[in-house]
Amino acid sequence: MSAKRRSSASSRGGEKRPKAKRGLGQGQPRKTAVITGVTGQDGSYLAELLLDKGYDVVGVVRRTSHDSYERIGHLLDRIRVVPADLLDQHSLTAVIRDAKPDEVYNLAAQSFVPTSWTQPVLTGEFTALGVTRLLEAVRLAHPQARFYQASSSEMFGKATETPQRETTPFYPRSPYGVAKVYGHWITVNYRESYGLYAVSGILFNHESPRRGLEFVTRKISDGVARIVQGKAKELRLGNLDARRDWGYAGDYVDAMWRMLQQPTPEDYVIGTGEMHSVRDLCDVAFGHVGLDWRKYVKVDPQFVRPAEVDLLLADPAKGRRKLGWTPRVSFEQLVTMMVDADLERRP
Ligand code: NAP
Ligand code: F7E
């Protein structure tokens, strides 16, 4: 592995992550997990968690002409990186056949909602049909593997009840949400038709200093850092009234793992049970550095969506009861952790 790739590990500035507990006891055989989307936010945290638990981790990476290891550079000598693409059935089947994993986490997707309006067909290929391709790979090559599908609160969309729980009907409001509904139901269908241990984790928004810069939390934490350092004078955002249930990604990957350790495969809603607006986010992020957000934030129609999801709030009671899962990082801790990390990243 190139020195450049190793050193890109680095930029975890300012992030203080609670340490995960060890999960596999002494003398237990090592488990193997395949993670698609290992180069993404969640993939990087999940790989760390599974390594801490003593797993062999196989990370699926699609070929690009540039280095996509920014979030996992520090793990490259501890995980096995294998090439495959959600668009390519053969490559996925080969990964599962060769790794014979105990667990498969399907985290890969086109995950940015606005892009799903400009590239709706590609979003369907990756985020919907990609799930079927990976399930087929598991079914044909190693059906004893346990399968996790990264489903999303975006499936609730124009929510018909609040808070949203496992039984709340889906009403997606974007091609991304529609694709995730397909991914959810195909996972349920493979469980019921073929007896696969396949679960769908319906996760609400989760963020971290490793979040992509286009998502609103990171756009705001990065914007605050740029303003503090004199690199920007304002921050242009869309709908400030949108409300979300935001948690910390490091906590949420633990819920994914717990879902695959249960006696029976079931679907779970995972969130904090607390809701805040984009305006609240600005208030905490700018307030953390002693600034009044009203002086810097401008509403720009280019960031307003053709159809908005006004509010999402989880009822995580089932996950708490059956998985013993609770979030450890509060909204304020999350936002200030992200602002601090962006301030450190830009000296
Ligand atoms: P992310 O940072 O956008 O990561 C997406 C990952 O998918 C990247 O590793 C990307 O690889 C990979 N990928 C995209 N297209 C691919 C393809 N054709 N073949 C193989 N890999 C491909 O997303 P995230 O925030 O970690 O989210 C992880 C999963 O959870 C996604 O499925 C997302 O939709 C879902 N989800 C996220 C949230 C959230 O709040 N974060 C909530 C609910 C559900 P490159 O590095 O090459 O681009
Ligand atoms: O938007 C509003 C925007 O892009 C959150 C993905 O991980 O979580 C994520 O999807 C809210 C929306 O996340 C800007 O209109 C205002 O109401 O950070 P976001 P998302 O669309 O909720 C779900 C659970 C996923 O599954 C997805 O993969 O913030 N908003 N102004 C803005 N959003 C952005 N991006 N940029 C703005 O300027």
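Predicted model: local features only at pLDDT ≥ 70, side-chain atom pairs only at ≥ 80, totals over all residues.
Residues are numbered from 1 along each chain as its sequence is written, chains are lettered from A and ligands numbered from 1 in the order in which they are written, and side-chain values use heavy atoms, with hydrogens and water left out.

**Stop 1: ligand 2**

Select ligand 2 and the 22 residues that surround it; a residue belongs here if one of its heavy atoms lies within 4 Å of the ligand. Ser111, Ser152, Tyr176, Arg305 and Glu308 are the closest. Now show the side chain of Ser152, where a polar atom lies 2.6 Å from an oxygen atom of ligand 2. Do likewise for Asn205, which has a polar side-chain atom 2.8 Å from a ligand 2 oxygen. On its own, ligand 2 has 700 Å² of accessible area, and the protein covers 95% of it (areas are by the Shrake-Rupley method with a 1.4 Å probe; for residues, only the protein chains shown count as cover).

**Stop 2: ligand 1**

Move to ligand 1, which has 23 residues around it. Thr39, Asp42, Arg62, Ser111 and Tyr176 come nearest. Start with Thr39: one of its polar side-chain atoms is 2.6 Å from an oxygen atom of ligand 1. For Arg62, the distance from a side-chain N or O atom to an oxygen of ligand 1 is 2.8 Å. Select Arg211 again; here a side-chain N or O atom is 3.2 Å from an oxygen of ligand 1. Ligand 1 taken alone exposes 910 Å², of which the protein buries 89%.

Next, colour helix 2 (41-52), strand 5 (146-152) and helix 6 (175-194), each of which supplies at least two residues of this shell. Helices (H or I, at least four residues) and strands (E, at least two) are DSSP runs, numbered from the N terminus. Strand 5 gives the most, with 3 residues.

**Stop 3: the cores**

In soluble globular proteins, nonpolar side chains tend to be buried together. A nonpolar core is a set of buried Ala, Val, Leu, Ile, Met, Phe, Trp, Tyr and Cys residues joined through side-chain atoms within 4.5 Å. Buried means under 20% relative accessible area, exposed over 50%, and partly exposed in between (1.4 Å probe, protein chains only).

The largest core here has 61 residues, and Tyr105, Tyr148, Ile220 and Phe286 touch the most other members. Helix 8 (residues 249-259) provides the largest share of this core, 7 residues. Select that helix: 10 of its 11 residues are buried, among them Tyr252 and Trp257.

Then pick Ile220. Beyond its neighbours within four places in sequence, Ile220 is in contact (heavy atoms within 4.5 Å) with residues including Leu235, Val278 and Phe286. A second, separate core has 21 residues, including Val34 and Val138.

**Stop 4: Thr162**

Finish in the loop between strand 5 and helix 6, where Thr162 lies. Why does Thr162 count as partly exposed? Because its relative accessibility is 46%. Not counting residues up to four places away in sequence, Thr162 touches Leu311 and Leu313. Last, select Lys219, 57 residues from Thr162 along the chain; their C-alpha atoms are separated by 27 Å.

Methods
Polar contact = N/O pair within 3.5 Å; in protein donor to acceptor, adjacent residues only side chain to side chain.
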